[in-house]
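Open the model in your viewer and keep the sequence panel beside it. Each stop below gives a selection and then says what is there.

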Amino acid sequence: MAEYSDVLIIGSGVSGLSFALKVAPFARVTLVTKKNKADTATNLAQGGVAAVLSVEDSIEAHIDDTLVSGDGLCNQDVVRIVASEGPDRVRELVELGVCFQKGKNGEGFDLGMEGGHSARRVAHASDLTGKEIERALLEQIAATPSIKVLENHLAIDLLIESKAQGRERNNGDRCLGAYVLDRTSGEVEAYPAGVTVLCTGGCGKVYLYTTNPDIATGDGVAMAYRAGAKVANMEFIQFHPTCFFNREAKNFLISEAVRGEGGILINQQGQAFMKKYDDRGDLATRDAVARGIDAEMKATGTDCVFLDITHKPAPFLMKRFPNIYGICKKYGVDLTKKPIPVVPAAHYMCGGVMVDEWGRSSITNLLALGETACTGLHGANRLASNSLLEAVVFAHRAALWFKGAIETTAKPPRIEVEPWRTGGAAVLDESILIKHNWDQLRQLMWDYVGIVRRKKRLDLIQTRLSFMLAEIKEHFYDYLLTPDLVELRNLAVIADLIVQSASLRKESRGLHYILDYPTKDDTGYLKDTILQR
């Protein structure tokens, strides 16, 4: 068994790093991350952090824009908390060394505009904002002795008190830490902790096409669900409207900010089409734009549409979007001269582990932050650039709670935890077993539970998933663990949660559009979809 920590953080995105830095002055922190520290969705975030940072904007306007985007399902108290506390958290990032783009004369912030916003309020570092935030936070982490970072360590399952004591699970259960696989040695060790924090990001790899990094396999949500935590709103998967369409480029995102700066979506004939699908046109919210593109592609029988910003001056585009310009140019598209081919791709999980306004889940001493959590901020559809904001605001709030609770979390008698048992498990030398299920699962999710859904497809995939889940469970207990097997197990749970949730919501709202129930039903479905094992 590993040494006891006051806090065990699983994941190294902006929420996990922010929380670690805030509690490090008074707590012993262990942070485990399954790849390298910088292999996170945060690192890929292009747009920026949405917050009220100018006199032309207001907290009320940010609240209104978030509520409109969330399509009736946002927790209004949480929206007000995040919008109100957000500006201070952004300024705090600056104090930690994040270099946001400055405004005219080097003062204030150069604020970007994105779809769904009524004002310029997106603080950014060109089009590499996530990378810049990650850089600054990792530098601070490296200089903090009380934070121990373990790279290439993959959490498998949570340590739950009732299971350790051999009794029935209940709603007052307590999390004691997690079992963690060392990817290098292949050994599994129990990591006990006073508080465990899930910051494992999203689940984009459950779909065939995604803007997410390879690590986005929904680990935190799957572990929490297996442990008995409440999970909410998993039907609301946001498909980013504009992923670069190129057979060689791997899931490269074309930021919302390109449309914010005047980019126009056109079809193969060069015709602008978004006004046909939404009065807001190219600056509609992501759910509307993704459906518009999907409809246009189906109507015209084409593989992609195009994002045209050639009418803007080339020097402006090269300065504002240096990363996007460089990647597109590498693959033969000079965005100053040619429209960018784009398709929608799975991007963001609006649901997750259900938490309160302090980041606490339904299991005692288990917290969830960032994309892993369902805080109530996003509702049925996330407003652009609200994700990094949510991460830093809730990391701060969770740290405040923990500072007041650390005496209590460390007080209860420590339970003896059983070591991980391999029993008679064999080495899995047939990796084709994993690859086949992995590929089939992602293709099924893309075809059956994508941007536009049907009840018949949901019923069919539910049947197929039940067989797949049983087969994966058999693999999990028959063979020695590998990272691929652990991730496949989590992806299958995530797929099942998405399908269950989508089947329960018999209406169309936000990111959940189902042809059998094309309208919104506020009388029956103005509520969260909550699942608990």
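**Before you start**

This is a predicted model. Residue numbers start from 1 along each chain.

**Stop 1**

Together they form an open sheet with the order 3-5-4. The pairing is antiparallel.

**Stop 1: helix 10**

Select residues 286-300. This is helix 10, with 15 residues. From first C-alpha to last it reaches 21 Å, close to the 21 Å expected at 1.5 Å a residue.

Color the helix by accessibility. The buried residues include Arg-286, Asp-287, Asp-294 and Glu-296. Also among them are Ala-288, Val-289, Ala-290, Gly-292, Ile-293 and Met-297.

Step on to Gly-301, which follows helix 10. Its phi is positive, near 70 degrees.

**Stop 2: the cysteines**

Select the cysteine sulfurs. How many disulfides are there? The count comes to zero.

Take Cys-304 and display the distance to Cys-243. That is the closest cysteine sulfur to Cys-304, and at 11 Å it is too far for a bond. The cut-off for a disulfide is 2.5 Å between sulfur atoms. Move to Cys-328. It is in no disulfide either. Its nearest cysteine sulfur is that of Cys-243, 11 Å away.

Are these two residues, Cys-304 and Cys-328, buried or exposed? Cys-304 counts as buried, because its relative accessibility is 6%. Cys-328 counts as buried too, at 0% relative accessibility.

**Stop 3: two positive phi values**

Go to Asp-71. Its place is the loop between helix 3 (59-70) and helix 4 (76-95). Phi of Asp-71 is near 55 degrees, a positive value in a residue other than glycine.

Next, select Asn-152. This residue sits in the loop between strand 6 (147-150) and strand 7 (153-160). Asn-152 is partly exposed, with a relative accessible area of 27%.

**Stop 5**

Continue into strand 7 and stop at Asp-157. Its relative accessible area is 13%, so Asp-157 is buried.

Which side chain makes a polar contact with that of Asp-157? It is the side chain of Arg-226, at 2.9 Å.

Show the other residues that Asp-157 touches. Leaving out residues up to four places away in sequence, they include Ala-178, Tyr-179 and Met-223. Trp-420 and Arg-489 are also among them.

**Stop 4: salt bridges**

The whole structure has 32 salt bridges.

Start in helix 4 with Arg-91 and Asp-88. They form a salt bridge, with the closest N and O atoms 3.4 Å apart. Both lie in helix 4, three residues apart, about one turn of the helix. Arg-91 is partly exposed at 39% relative accessibility. Asp-88 is partly exposed at 46%.

Now select Arg-174 and Glu-161. Their side chains meet in a salt bridge of 3.2 Å, N to O. Arg-174 is in the loop between helix 6 (161-164) and strand 8 (175-182), while Glu-161 is in helix 6. The two are 13 residues apart. Arg-174 counts as buried at 11% relative accessibility, and Glu-161 counts as buried at 14%.

Then try Lys-337 and Asp-334. Their salt bridge is 4.0 Å, N to O. Lys-337 counts as exposed, at 65% relative accessibility. Asp-334 is buried, with a relative accessible area of 11%.

Finish with a group selection: Glu-235, Arg-505, Glu-507, Arg-509 and Asp-522. Salt bridges link these residues in a network.

Technical notes: This is a predicted model: local features need pLDDT of at least 70, side-chain atom pairs count only at pLDDT 80 or more; totals for chains, interfaces and linings use all residues. Side-chain values use heavy atoms; hydrogens and water are left out. Two strands pair if DSSP finds at least two bridges between them. Helices (H or I, at least four residues) and strands (E, at least two) are DSSP runs, numbered from the N terminus. The expected span of a helix is 1.5 Å times one less than its number of residues. Buried means under 20% relative accessible area, exposed over 50%, partly exposed in between (1.4 Å probe, protein chains only). A polar contact is a pair of N or O atoms within 3.5 Å; within protein, one must be able to donate a hydrogen and the other to accept it, and residues adjacent in sequence count only if both atoms are side-chain atoms. Contact means heavy atoms within 4.5 Å.
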